[in-house]
Amino acid sequence: MSVIDVVGLTKHYGDIRAVEGVDFTVEKGEVFGFLGPNGAGKTTTIRTMLGLLNPTAGRATVLGADSTDEPAMIEAKRSIGYLPANPAFDDGSTGREILDLHASIKGDDRREELLDLFEPPLDREVREYSSGNRQKLGVVQAFMHDPELVIMDEPTSGLDPLMQQRFNEFVRAEREQDVTVFFSSHVLSEVRRVCDRVAILREGELVTTEAIESLLDRSGKFVRARIAGHVESDAFDGDEVHGFERTLIEDRAEELLAATDFESDADVVTEVRFTYTGDINDLVADLASYSFVDLDVEEAPLEEVFMRFYGPEQRGRAPRDEHGVAKPAGGDGGA
């Protein structure tokens, strides 16, 4: 049985579709990324999975419990860790008091281990916490009872780069212990570092669910080349070439060419950039006729992958709030 099983999950607010017909499963020991920009419907999906919202249609089961079955969900939540977006703690309590409260409800077998790792300031009141310290306290409370499944909404929000790296290493170690981790994010680099599979949500609808490496492979290679001489703007036309950009470099051409090991009488260097989704051997053949000042071919950045699903056609659409609900004209777009 899957740890999470979502079938046709739909949530409407009146005439507004926040989530529409979402399907995915998450297996035991998997790190599953739920990817999309703010307002795509990620938080609505998570809250509905956890029984905090009732679905308009479809269903979700978590650790075998139907999200609409309150007694079953109460039992399942003993084995679930949850970190909401912007965790709200009692500002007048210290971090220690908050963890003591959570421990009295669900246990704290791993509290000391997690405190050593994430180091929130326990003896200060939460009102004095930075956003990063609130997040560290939230991570500790989500994992301290040694849950089978942890669900997190934007878990690295507010963490500094060093703590983000520590969190990513921790998640990878949890996977090795068969802990299942589900987290939503719009931070593309962290998804790439820790996830086994990702689902991409666009305006409340699921665009794709696949292994992260498969997604990157399908999305091609990013090519950046500086070529001796003038290259026509249509030199790399083809269905496999995406986002082609060309820049003529004249003022530094002599300097750039002097650094190469071939002689050239060219008075210009052409820089080209594009993403290539065809056979890499065909790309090599296409490039063979040029003299290069330098050439980089690398895996397409995840940002390029993301823009395949959220390209220019999305501009001008109504802004949506954190639940994926369209805002009225004049809204600020939400978080």
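The model is predicted, with local features requiring pLDDT of at least 70 and side-chain atom pairs counted only at pLDDT 80 or more, whereas totals for chains, interfaces and linings use all residues. Residues are numbered from 1 along each chain as its sequence is written, and side-chain values use heavy atoms, with hydrogens and water left out.

The protein has 11 helices and 14 strands, where helices (H or I, at least four residues) and strands (E, at least two) are DSSP runs numbered from the N terminus. Of its 335 residues, 46% count as buried; buried means under 20% relative accessible area, exposed over 50%, and partly exposed in between (1.4 Å probe, protein chains only). Among contacts with a separation of 6 or more, 70% are accounted for by residues 24 or more positions apart, a contact being defined by heavy atoms within 4.5 Å.

The buried residues are Lys 42, Thr 43, Thr 44, Thr 45, Ile 46, Thr 48 and Met 49. Just after helix 1, Gly 51 takes a positive phi of about 80°.

Helix 3 comprises 12 residues (95-106), which at 1.5 Å a residue should span 16 Å; the end C-alpha atoms are 16 Å apart, in agreement with this value. The expected span is 1.5 Å times one less than the number of residues. The buried residues of helix 3 are Gly 95, Ile 98, Leu 99 and Ala 103. Seen down the helix axis, these buried residues fall within an arc of 140°, so they line one face of helix 3; the arc is that of the directions from the helix axis to the C-beta atoms. On the other side of helix 3, Leu 101, Ser 104 and Ile 105 are exposed. The cover over the buried residues of helix 3 includes helix 4 (111-118) and helix 5 (131-143). Helix 3 is followed by Gly 107, which has a positive phi near 95°.

In soluble globular proteins, nonpolar side chains tend to be buried together. A nonpolar core is here a set of buried Ala, Val, Leu, Ile, Met, Phe, Trp, Tyr and Cys residues joined through side-chain atoms within 4.5 Å. The largest such core has 36 residues, of which Phe 118, Leu 137, Phe 143, Met 152 and Phe 183 touch the most other members. Helix 5 gives the most to this core, with 5 residues. A second, separate core of 26 residues includes Leu 50, Ala 60, Ile 151 and Phe 182. Leaving aside neighbours within four places in sequence, Phe 143 is in contact with Arg 110, Leu 114, Val 150, Met 152, Phe 170 and Glu 174.

Two packed helices are described by the angle between their axes and the distance between the axes. Helix 4 and helix 6 (residues 161-176) pack at an angle of about 145°, with axes 10 Å apart. Axes are lines fitted to C-alpha atoms, for helices over the stretch in contact, and angles run from 0 to 180 degrees between N-to-C directions. Helix 4 contributes Leu 114, Leu 117 and Phe 118 to the contact, and helix 6 contributes Met 163, Arg 166, Phe 167 and Phe 170. By class, the contact of helix 4 with helix 6 has 6 nonpolar, no polar and 1 charged residues. Ala, Val, Leu, Ile, Met, Phe, Trp, Tyr, Cys and Pro count as nonpolar, Asp, Glu, Lys and Arg as charged, and the others, Gly among them, as polar.

The loop between helix 4 and helix 5 holds Val 126 and Glu 119. Val 126 counts as buried, at 0% relative accessibility. Not counting residues up to four places away in sequence, Val 126 touches Phe 89, Asp 90, Asp 91, Ser 93, Thr 94, Gly 95, Ile 98, Arg 134 and Leu 137. The C-alpha atoms of Val 126 and Asp 90, 36 residues apart along the chain, are separated by 6.9 Å. Glu 119, a residue other than glycine, has a positive phi near 55°.

Asp 178 lies in the loop between helix 6 and strand 8 (180-185). Although not a glycine, Asp 178 has a positive phi of about 70°, and at 42% relative accessibility Asp 178 counts as partly exposed.
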